Amino acid sequence: MKRFMSAAVLLLALVLGGYWAIFYGGFYLPFGERPALSVPFRAEGTELHRWDGEKYTALTLRGVDVTSSLPGHYATAYDAGEEDYLRWFEAIGDMGANAVRVTSVMDDDFYNALYTYNTSHDQPLYMLQGTDISDYANDRSKDAYHADFLNTLLEDGKSLVDIIHGRKDLPAVGIRSGGVYRRDISPWVAGFLVGTEWQPDTISYTDHSTIRSGEYQGDYFQTTEDATPFEAAMARVMDEITAYETDKYDTQRPVGFLCDPSCDFLEYEEVYARQLEKHAQTDPEHVTPLPSMKAGRFAAYRLYDFCDSFTEYLSAAQKQSISPLLAGLDTSQPYGGYLELLARYHTMPVLAAGYGFSSGRGAVELNRAPLTEEEQGQRLVEVSRALEADGWAGGFVSTWQDEWERRSWNTAFAAVPTEHFLWHDLQTNSQNYGLMAFAPGEEAVCILDGDPSEWKTEDLLLERDGLRLSARYDAEGLYLLLEGISREEPVYLPLDISPEMGSRSCDHPDLAFSRDVDFLLCVDGTDNSRLLVQERWDPLRERFLYETAGDDPFLDFPEQDSGVFVPIGMAVQNPLLVETLTPETRVLQRLGVWETGNLTHGNGNSEVENYNSLADFCFGTGCVEIRLPWLLLNVGAPASLLVHRDYYQHYGVEFKQIRDIWIGAAWDGEENGIPMESFRLKSWKSLEYRERLKESYYIMQAYWKGGN
């Protein structure tokens, strides 16, 4: 009996050990005669080809980036389930797309859903599988050969090979996903892409190292004599991914590494390079496949507005070296001819690894107004058409869904970073790149269409002098219904958000209030309505006064009871380049200001033909409906009801919890001040939401399905 028990325990240990070695450790032991090498996808010249069972045919990837982001959840929690991915894949396929891209290891629900979709549809969704590193490893003061950087890419690359072949168990560690991967989706994986966004400083630091070399000679890839140490690191990752899949699964597929305008092969005149912060170069042409690599490689570029007139600022040596490529370049095309130049330059297929435009109401660049969903779609079609006309092998719209946890440089300071996923910040550009939006609540709190029928008696906040004011709120903002008005006569709505801030009077317009007021909403027709803020509580002044005006905000700041109310602005980038860098020209390059408090009139009902996705208010018959985004009101965490405190007492943005907002309404000033009423708020820790396909989705659908 003891022998039996010992044998059983030993057998169990062997089984568990073998299971762990195979599915966790990636162990394999080749034996017997090797089968013929399978190459389901390959690079053929500048085209990407797919094996259809009989022959190779050209394949153009029309795809979208998909993440696990959901409202109310951290993206790294991977709370999207298989049913979510399946629903999204259906919509993506219906749009006319034939591919999806993921930038890192996804949870097993994603791959299971892709397998289910592809085995039940005639037109599958191909996939470009990415691998990346953490922001910590990318931004720290180490080069690309540090263990946190290179080893992560190598280990994750091999794990991804096992994942797509359905032979991996991966524990979730930190922010990385995990799962039990048993679905073989390799027939639809068009390639592997190394990297999602490189820090140019890391590339430069690596390339200037005295102990690194640009030489790499592997079994499947090698570098040219012009290669840099960073490119050699990319060659090693590409080589080891290919070697692992070749040896273990007798399969190869194309591999590439990511580039973008901040680290492409182009070189600029020094004065312009400094202004563009362009000091890193990478060139996929410096990593070449050996004869043993049958699938080949591709180049991949992340696209964004870098400098549309980039050809004017190239160095003399660069212009001379690529002069034949610059001849006849159509600089009126998207990105100033950048797409056409890359297509001419590369000898391999070129993919757009992410291109997109935001439909948020916040601006990021001077003289570029926010885009409606319709304009977002038009820009996407413009780029998509140019990619195909210039001979690219395809591209991926970034992203499929809005991502509420994203942050932008000009709004991040104003919000609590740990609660982004609990509310939708309409002001933050990067949260609104999706083709699909998430709307808070099971149904809309208010549809900005000038129709007050959804408002109820219990929403009424005050009624006086013929005016009726009602209020509601959700995870996007504060909604107001003002009845008894006309478009021709201005109405003023004072708001007291913070109990620590505000003034009892406003100098212009000349108004008095029954309590301290932080904001003044001026409803003055369709073109001149705006939200004003008391100057001491203006976040633009505290955070960006030096960058926009050259003054120190803490040297001479407004009094606590100042009666000056100013337009609400947000800092935006200034793309101006100058020939010489002097104190005088630096003044011309200061950050610009966009008046984000200037409200847009329009119909916010997405079901009607004249829908305006940027609408802040809409007049109806004797009424107006208004939505004020939370961040516009200095509410940095609406889920916890946290608002900004006094910037000049706390030397920056600190937060205080509130329980209510005081609101009033009047035609003009009153001797005893405009009376105000309290509107009670409740915090939340979770939220309901619904999905909505944006106008941009249907515009892309019309292009991809109809060629329009």
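In strand S23 (residues 519-523), Cys522 is the bridge partner of Tyr492, and Leu520 is that of Pro494. The structure is a predicted model, in which local features require pLDDT of at least 70 and side-chain atom pairs count only at pLDDT 80 or more, while totals for chains, interfaces and linings use all residues. Residues are numbered from 1 along each chain as its sequence is written, and side-chain values use heavy atoms, with hydrogens and water left out. Helices (H or I, at least four residues) and strands (E, at least two) are DSSP runs numbered from the N terminus.

Strand S20 (residues 491-496) pairs with S23 in the antiparallel sense over 5 bridges; two strands are taken to pair if DSSP finds at least two bridges between them. S23 also pairs with strand S24 (residues 530-534), again in the antiparallel sense, over 4 bridges. Within S24, Leu532 is the bridge partner of Leu520. S23 and S24 form a hairpin in which 6 residues lie between the strands, and Gly525 in the turn has a positive phi of about 75 degrees.

These strands belong to an open sheet of 6 strands with antiparallel pairing, in the order S25-S24-S23-S20-S33-S34. Its edges are formed by strand S25 (565-567) and strand S34 (676-680), each of which pairs on one side only. Neighbouring strands of the sheet are turned against each other by 30 degrees on average, direction ignored. For such angles, axes are lines fitted to C-alpha atoms, for helices over the stretch in contact, and the angles run from 0 to 180 degrees between N-to-C directions.

Burial was classified by relative accessible area: buried is under 20%, exposed is over 50%, and partly exposed lies in between (1.4 Å probe, protein chains only). By this criterion 5 of the 5 residues of S23 are buried, so the strand is largely enclosed by the rest of the structure. Both of its faces are covered, with Phe519, Leu521 and Val523 buried on one side and Leu520 and Cys522 buried on the other.

A further open sheet contains 3 strands in the order S1-S2-S3, with antiparallel pairing. Strand S1 (41-44) and strand S3 (56-59) are the edge strands, each pairing on one side only. The twist from one strand to the next averages 40 degrees. S1 is joined to strand S2 (residues 47-51) by 4 bridges, and the two run antiparallel. In S2, Glu47 is the bridge partner of Glu44.

Helix H12 comprises 17 residues (residues 373-389); at 1.5 Å a residue it should span 24 Å, and its end C-alpha atoms are 24 Å apart, which agrees. The expected span is 1.5 Å times one less than the number of residues. The buried residues of H12 include Glu373, Gln376, Gly377, Leu380, Val381, Val383, Ser384, Ala386 and Leu387. An α-helix has 3.6 residues a turn, so residues three or four places apart point the same way. The buried residues of H12 pack against helix H11 (338-345), strand S14 (350-355), strand S15 (394-397), strand S35 (689-693) and helix H16 (695-706), where contact means heavy atoms within 4.5 Å. H12 is followed by Gly391, whose phi is positive, near 90 degrees.

H16 also packs with helix H2 (residues 82-94), at an angle of about 50 degrees and with the axes 9 Å apart. That angle makes H2 oblique to H16; angles under 35 degrees count as roughly parallel, over 145 as roughly antiparallel, 65 to 115 as roughly perpendicular, and the rest as oblique. At this contact, Ala91, Gly93 and Asp94 in H2 meet Tyr697, Gln701 and Lys705 in H16. By class, the contact has 2 nonpolar, 2 polar and 2 charged residues. Here Ala, Val, Leu, Ile, Met, Phe, Trp, Tyr, Cys and Pro count as nonpolar, Asp, Glu, Lys and Arg as charged, and the others, Gly among them, as polar.

Two individual residues were also examined. Ser470 lies in strand S18 (residues 467-473) and counts as buried, at 3% relative accessibility. Not counting residues up to four places away in sequence, Ser470 touches Trp455, Asp459, Leu460, Leu461, Tyr479, Leu480 and Leu481. Glu405 is found in the loop between S15 and strand S16 (436-440) and is partly exposed, with a relative accessible area of 21%.
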